[in-house]
Amino acid sequence: MRRLLVLAATLAVATGVLAPTAQATQDRAHIPGAVRFATFNASLNRNADGELLAHLATPDNPQARKAAEVIQRVRPDVLLINEFDYVSGNRAVELFRRNYLAVGQQGARPIDYPHAYTAPVNTGVPSGFDLNNDGKVGGGDDAFGFGLFPGQYGMVVLSKYPIDTAAVRTFQNFRWQDMPGAVLPEGWYSPEELGVFRLSSKSHWDLPIRIGRKTTHFLVSHPTPPTFDGPEDRNGRRNHDEIRLWADYVTPGKGGYLYDDAGKRGGLKPGERFVIAGDQNADPVDGDSYQNAIRQILNAPKVIDPKPGSLGAIEAARDQGGANVGQRGPSWLDSGDFNDKAPGNLRIDYVLPSRPLFPLAAGVFWPTARSPLARLNDTSDHHLVWVDLLA
């Protein structure tokens, strides 16, 4: 049976016909031996420090309930949540698990994640410099990553499988100028600023997930949007190099310059299994990314693109019109539902496994208007992306 599944998956990837079924997008289809990896920018970020903690302390926050229901409907085994404000001691994570995920939402079954990982990020951390060159120091745009307080727009990973926390590598403090050939905006940052400027706008985490007797490295991040800047394109360039970090990390011979927050150097060891996941804020062909930044990962050795899609994304692009009309990329693959004047809907959320992992199914949770679950489409401006793997 396993050999047949592998053969079918290989053929599906080669022909580009991996597609979600109606069952898989609404209540997990149980494929024997498969592990479902997912990413979801759930927009569980708030405008003030402590606000998310307060909202999750009770089980009746409408948006948190919707986010939990999306997760319960798709039922990932390993999940990255982007834009989940960081709170020390896993306090916000624990409240979300207890008050929302452990409670069935609108008829969905509760879901339990015994393992979780979160850590500090660069958003809202003061740099002490005038990074946006507006003549004054302070505010979200002068932080190491844009944020109104430390930890805003953070990340959390939830897992049904053990996370080897002792072997986790984080790259929060890696300096942008230490990347060979970095596409730094010429003349924008002073030498003093570059001496402290961190590449990652949030952080980059390598989380070893133990699945049976094998380890799969869950490589997660959330690069800055390539917008909210000027002709120097400082955010677009940073987004490009944040994406490049993972491309170099998984490519033998390219990651030797990298150092993690513990001082360990080098990239991922050759032969290791990995899944790259996150809101990368970059579409392969449309949008404002610098030099089609996401192609660095899509074209990296061993990376498989299962091309998860949805009928809901096709419907949305058709009905919303605007910038969607002139886009070159297939609307089927969109995961972000954005301003219809510009940039339109985009594919910016990714779950990208490596060989020898085998994708069996993939999808974007974007119900069509006729679905009873269409009420969940306004949970976030992003839609959950998932891939089932023989791990």
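This is a predicted model: local features need pLDDT of at least 70, side-chain atom pairs count only at pLDDT 80 or more; totals for chains, interfaces and linings use all residues.

The largest nonpolar core counts 34 residues, and a second, separate core has 31. As background, nonpolar side chains in soluble globular proteins tend to be buried together.

**The largest core**
- I71, F84, F96 and L384 are the members that touch the most others in this 34-residue set.
- At least two core residues come from each of β1 (34-44), α3 (51-56), α4 (62-74), β2 (78-84), α5 (91-101) and β4 (155-159).
- Take F96 as a way in: beyond its neighbours within four places in sequence, F96 contacts L44, L56, A64, A67, A68, I71, I81, F84 and L101.

**The other core**
- Among the 31 residues of the second, separate core are L194, L245, V250 and F274.

**Strand β4**
- Why call β4 largely enclosed by the rest of the structure? Because 5 of its 5 residues are buried.
- Burial covers both faces of β4: M155, V157 and S159 sit on one side, V156 and L158 on the other.

**Who pairs with β4**
- β2 runs antiparallel to β4, with 5 bridges between the two strands; within that pairing, L80 has V157 as its bridge partner.
- β3 (residues 115-117) is also antiparallel to β4, joined by 3 bridges. Here H115 stands opposite S159, a residue on the M155 and V157 side of β4.

Key:
Residues are numbered from 1 along each chain as its sequence is written. Side-chain values use heavy atoms; hydrogens and water are left out. A nonpolar core is a set of buried Ala, Val, Leu, Ile, Met, Phe, Trp, Tyr and Cys residues joined through side-chain atoms within 4.5 Å. Buried means under 20% relative accessible area, exposed over 50%, partly exposed in between (1.4 Å probe, protein chains only). Helices (H or I, at least four residues) and strands (E, at least two) are DSSP runs, numbered from the N terminus. Contact means heavy atoms within 4.5 Å. Two strands pair if DSSP finds at least two bridges between them.
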